[in-house]
Amino acid sequence: MADDITEPLLMVKDLKAGFETDDGLLVAVDDVDFSIERGKTLGIVGESGCGKSVSALSLIRLLPQPMGKILGGEILFDGMDLRTIDDAEMHRIRGGEIGMIFQEPMTALNPVHTIGRQLMEAVLIHQQVDKREALRQAVEMLERVKIPAPEIRVGEYPHQLSGGMRQRVMIAMALINKPKLLIADEPTTALDVTVQAQILALIDELQVEMEMAVILITHDLAVIAENADEVAVMYAGRIVERAGVEELFKNPLHPYTRGLLDSIPRMDSKRKEHLKTIEGMVPALSEMPDGCRFAPRCSNPHGDEVLEKRPCMVEPVPGHWVEGCACFWEEE
Amino acid sequence: MEPILEIKDLKMHFPVKGGVFLRPVGSAKAVDGVSLKVYPGETLGLVGESGCGKSTLAKTTCRLLNPTAGQVIFDGHDITRMSRKELMPLRREMQMIFQDPAESLNPRHSVGQIVGEPFVVQKIGTRAEREKKVADLLERVGLNEKMSSRFPFEFSGGQRQRIGIARALALNPKLILCDEPVSALDVSVQSQVLNLMMDLQRDMGLAYLFIAHDLAVVRHVSDRVAIMYLGKIMELADADAIYNHPRHAYTKALISAIPVADPNSKRDRTLLEGDVPSPIDPPQGCAFGYRMKHAKWQESVGMDLGLVEVEPGHWVQPCPCCTGV
């Protein structure tokens, strides 16, 4: 099955994850479905607290412990169910076949070890090689992420590098074992625009070179527009819309997606004019409606019944899925 | 019209200490000769990458830091060397809004105390009058007066930023220095706060110095925009002019780096190499030409790089490498 290239690399079905707290169980990700083809980029976009990071962390079983729990669903990666494999196997996959980059490289890198040592550690865990070979790979990888003078840099500590450089080191570490899937959680949010452009171009280049799939998680629709093949829009723990990138931006259907696209200031908008907004804010996890979760903020006229029953995903255009809330979707 | 704020050749250099005895070994030139004017009722946008000195400029302008050299003239008064006591009445008219509302609001004070504190500090009104004013202010920024007994942690990021704005408005200022006021907010909330700020400006005739790194946001709210790089202003022009006809190579590079929310507009992008250099011992001559290793950078060393007006209202740093002026 692993060799069947027509199967998506990763298929997530009905994923449910949440946190066991003193106030009871809070469900942060509620029945989420998505899949990703080999070599492609899936963008997951949404605002803070929508569950995009929790979804990604669930995939590799890195939810904060002991509170984080995967409550249900299947995570099929290359023929394996990542939910049921044992810890040793998960350990092999994490950092091996699945690489990860996080938002803040300073907290993800160990400040008391040189970057060379941290890169070598990643190699030594996953490959049967000696230290010399590991060092050679570390230097080579730093060179590929365009760090100048990599032979010298391997001996330096994270604090000696700039933010952009640290993010390059993170990328080097995530890719050193040639993963099939890279999970990039807000990889450029802490960086300046010029550095962001460099980093995204670098990920794109390495993705083509290594034929790797990427899950790009961000709150920035513009980053999604330029880098993703498929997009999933998340709101309050659910995917409300999912489509190819061109289709989604040309023909957004869900009122939330439309609201998001309308509320960003654009370079050609009329200055000083009122921006469109989405009124109100995301309900607290403990106060989520059972039905359409966007309904309390939605400007479409709707009755109270949309708060009761969860809308089904519908596919009005092939490959374009949307949560068909009654406020805009009339079933034939 | 007289500017409400005029900054003249302002410098803020921080000593860098080193060695066993921590003797000064150099200086970080965070702000290095900046001149700007802000007129009543306008928004001057200030854009730059992290470490370019934009926040230091704001802090120096309102004397949270004492400048190394230069002048700050606010509403006709030179405040550069004023004592705390002399500054006190002027502080009413110049307020600040910060990036992270979670950190700029005292967690142990109720919202009513936070928003009412300016009245206490300036000894204005009786307790009852203050409470009435706080209620008005909260309503003005779209919050409920009942919220005044609650604490900052009970609010979302957008609401906290509204509390910060209410506090800044308390004393009817003429100028608000906004340091990345919306960068910590989600897009849907960001647009709510930007709308509020634009409404307040229209109704109260406020002037803003609006500091941000998001060029699309700055363009939307600003009348004029200044581009800052390594402690200096590279270009200053009308907001539309600077985006449609940028003259400085750095401005062009910044604009080309902004991602666009349209999958069909994949453009040719000038990718900059490296990061912003350290402001400790910055390069001679044009700092950006140096980063780009421009062939003509050498010619800019020793030149007077003060801004020149290339078109009415469009100022740019003259240098052979980046502007060809």
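Predicted model: local features only at pLDDT ≥ 70, side-chain atom pairs only at ≥ 80, totals over all residues.
Biologist: What radius of gyration does chain A have?
Modeller: Chain A has 332 residues.

Biologist: How many helices and strands does chain A have, and what share of its residues is buried?
Modeller: The secondary structure comes to 11 helices and 12 strands. Buried means under 20% relative accessible area. Of the 332 residues, the buried share is 53%.

Biologist: Which residue pairs with Asp30(A) in a salt bridge?
Modeller: Side chains of opposite charge can pair when their charged atoms come close. Here the N to O distance is 3.2 Å. Asp30(A) sits in strand S2, and its partner lies 263 residues away, in the loop between helix H11 and strand S11. That partner is Arg293(A).

Biologist: Is Arg293(A) buried or exposed?
Modeller: The cut-off for buried is under 20% relative accessible area. Arg293(A) has 9%. Asp30(A), at 7%, is buried. Arg293(A) also counts as buried.

Biologist: Why are Glu89(A) and Arg92(A) separated by about one helical turn?
Modeller: Their side chains meet in a salt bridge, 3.3 Å from N to O. Both residues belong to helix H2. They are separated by about one helical turn because they are 3 residues apart.

Methods:
Residues numbered from 1 in each chain as written. Chains lettered and ligands numbered in written order. Heavy atoms only, no water. Helix = DSSP H or I, 4+ residues; strand = E, 2+ residues; numbered from the N terminus. Rg over C-alpha atoms; globule rule 2.2 N^0.38 Å. Buried < 20%, exposed > 50% of the residue type's maximum accessible area, 1.4 Å probe, protein only. Salt bridge = Lys/Arg side-chain N within 4 Å of Asp/Glu carboxyl O.
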